Amino acid sequence: MKRRDAVVSLTASGVGALLSSCTSSNPKEVISDQQAALFVRQMTGIEMKPGQWAAIQESLKQSRFTSDVDATIQPQSDFDPVVDL
Amino acid sequence: MSRDLTFLSIGQLSAEIRAHRLSCVEAVQFALERTQTLDKRLNSYITVLAEPAVNQAKELDVEIARGHYRGPLHGIPISIKDHIDTAGIRTTAGAKSRLGRVPTKDAAVVRRMKAAGAVIMGKANMNKFADGESGDNPDFGRIRNPWNTNFSPGGSSGGSGAQVAAGLVALSIGSDNGGSVRIPASLCGVVGLKPTHGRISMEGIFPRLYSIDHPGPLTRTVEDSAIALQGLAGRDAGDTTTARREVPDYGKDLRLGIRGFRIGVDRKFASVGQAEVLHAFEQALKTLTALGASIIEVTIPSYEQMSLAANTIYACETGVAEGSLYREHPADFDEARPPATTGADIRACLMIPAVDYIRATQQRRVLQIEYARATRDTDVFVAPSYAFYQRPFDSFPKEGNHQFTEDDAFRYPMPFDFLGVPALSVPCGFSKDGFPIGVQFVTRAFNEATVLRAAYAYEQATDWHTRHPIFS
């Protein structure tokens, strides 16, 4: 199964909001271990270990950036005040 | 050994070598003997290069005899953090699973150090995969702080900090992506410089965080930091993120003093940490004022604002770098004592939407501009280097009923990695029980000369850098 198909399949099974649930503002959605394992495998290419889903969700919560940012900003990593300010 | 070279600076050692009063071989043999005596207690090296170092020193002595003196690093014993490639010498990034990894090519920083005449004494112990600041490596053992071996020297460049503080070398090349040069510098009472992102090449260095990794020197004096940076900085074709800007003479303005300097302080930002750290910081401000500088209150973006975007960038870049390592050797992350990033974290890192990463990098741009505007009317910004003077291996410190956290640990160093601006930690005092404390000088991108100048003036007005750990 391709990744896109997996996501479509998961969406159909009612966990499409899985990623958005992994933010600090939304409560956890309850999904089965099987669904979580499929999702993790398809998204990462790595098998999930039994009982690991809660830790993955927690880690995702801390790592997501969902604030609004001006979409016109160029996201360069380096900043040179002589040139850029 | 007739002469005690233990705590001589690079400047002092090079003056001896240049004047033929000290041979490169003598300097190297002295460093080797001290390493053999002390490193059983410090565990600061993963690999010691005794024979290659002596051979390199012999060749350098021949050069001097022929009248070819390369400069202030000629014959100076140095160490290299063990995630920096060294041709023909194993480079593990602190993982036993990589013991068989022997690069065929030196990293750019190693090539530059060798070209300047520095002698590579060995590869320094570090947090596994440069991940974390505990100084606790599950594969190669805990690195010990020379000031008190029951405590950590910090990390991830913990071996580098311990070696410089204990006088095993006068210079070690580390790297900083959340404080990994400045935290060990602060806890070990030495000088740690994290230059502007792109000032020093990352080519041949274990890629942990592509947009945030900064190689940098740990030394015992600010002048030595300037000497090291002079040798390390510059455009490198092997790392396209290195800046095309010319490298200035970092020694030129070092002694000009800071009379009339405007020094920015954000009182809210600098309000977290152990009481003795905050007290030492206040004392440092008084010293700077006495030197003729004025303190200007500024408001930089908050730690919370910065960490929100930084967490996403760190996680996504970790996912790229450590995701492939995980696939090769999952046991490195799933073991009982994993690095700061666990197997579950790796999976999470690989699931963050690309949109989050792009937005976080856009937000970094916004915060870089806010920081530059907030500090526009200052010459340097100062803050504590690290919230703690004492780092137990297994936990963050507790003071009274207050338990410090990981966020407190990264509060002072991380923002300047995230922003990519230069920051230098210099000793600013000691706790009552004898642990060093650091203050950091920060400034605008590519303005390393100014942090060196300010830190040098401060260092020369104090005697903290003249104190060294005593081994019975």
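Which residues does Ala270(B) touch, not counting residues up to four places away in sequence? Here is a friendly walk through this predicted model, with the answer in the first point.

Local features need pLDDT of at least 70 and side-chain atom pairs count only at pLDDT 80 or more, while totals for chains, interfaces and linings use all residues; side-chain values use heavy atoms, with hydrogens and water left out. Residues are numbered from 1 along each chain as its sequence is written, and chains are lettered from A and ligands numbered from 1 in the order in which they are written.

1. **Ala270(B).** With contact meaning heavy atoms within 4.5 Å, Ala270(B) touches Leu278(B), Phe281(B), Pro384(B) and Tyr412(B). Ala270(B) lies in the loop between β9 and α8 of chain B; helices (H or I, at least four residues) and strands (E, at least two) are DSSP runs, numbered from the N terminus. At 11% relative accessibility, Ala270(B) counts as buried. Buried means under 20% relative accessible area, exposed over 50%, and partly exposed in between, with a 1.4 Å probe and protein chains only. The C-alpha atoms of Ala270(B) and Tyr412(B) are separated by 7.9 Å, although the two residues are 142 apart along the chain.

2. **An aromatic pair at Tyr412(B).** A search of the whole structure finds 17 aromatic pairs over all chains. Rings of Phe, Tyr and Trp (its six-membered ring) pair if their centres lie within 6.5 Å; planes under 30 degrees apart count as stacked, over 60 as edge-to-face and the rest as tilted. Phe269(B) and Tyr412(B) are edge-to-face, because their ring planes stand at 85 degrees, with the centres 5.4 Å apart. This pair links distant parts of the chain, 143 residues apart: Phe269(B) is in the loop between β9 (262-265) and α8 (275-290), and Tyr412(B) in the loop between α13 (406-411) and α14 (414-419), in chain B. Phe269(B) is buried at 3% relative accessibility, and Tyr412(B) is buried at 0%. Ring pairs also join Phe269(B) and Tyr412(B) with Tyr371(B), Phe381(B) and Phe416(B) in a cluster.

3. **Two nonpolar cores.** A nonpolar core is a set of buried Ala, Val, Leu, Ile, Met, Phe, Trp, Tyr and Cys residues joined through side-chain atoms within 4.5 Å. The largest has 94 residues, of which Ile78(B), Val109(B), Met121(B), Ile173(B) and Phe441(B) touch the most other members. Helix α2 (residues 24-42) of chain B gives the most to this core, with nine residues. A second, separate core of 37 residues includes Tyr386(B), Tyr412(B), Phe416(B) and Ala423(B).

4. **The sheet.** Chain B has an open sheet of 11 strands with mixed pairing, in the order β1-β3-β2-β6-β8-β7-β14-β15-β11-β9-β10. Two strands pair if DSSP finds at least two bridges between them. β1 and β10 (294-297) of chain B stand at the edges; each has a single partner strand, so one side of each is left without a neighbour in the sheet.

5. **Strand β8(B).** Which strands pair with β8(B)? Strand β6 (residues 171-176) of chain B pairs with β8(B) in the antiparallel sense over six bridges, and strand β7 (residues 191-194) does so, also antiparallel, over two bridges. Asp176(B) has His214(B) as its bridge partner in β8(B), and Gly192(B) has Leu218(B). Six of the six residues of β8(B) are buried, so the strand is largely enclosed by the rest of the structure. His214(B), Gly216(B) and Leu218(B) are buried on one side, and Pro215(B), Pro217(B) and Thr219(B) on the other.

6. **Backbone points to look at.** Most residues other than glycine have a negative phi, and most peptide bonds are trans. His20(B) has a positive phi of about 65 degrees and is found in the loop between α1 (10-18) and α2 of chain B; His20(B) is exposed, at 59% relative accessible area. Asn43(B) has a positive phi of about 55 degrees, lies in the loop between α2 and β1 (45-48) of chain B, and is partly exposed at 22%. The peptide bond from Gly155(B) to Ser156(B) is cis, with omega near 5 degrees.
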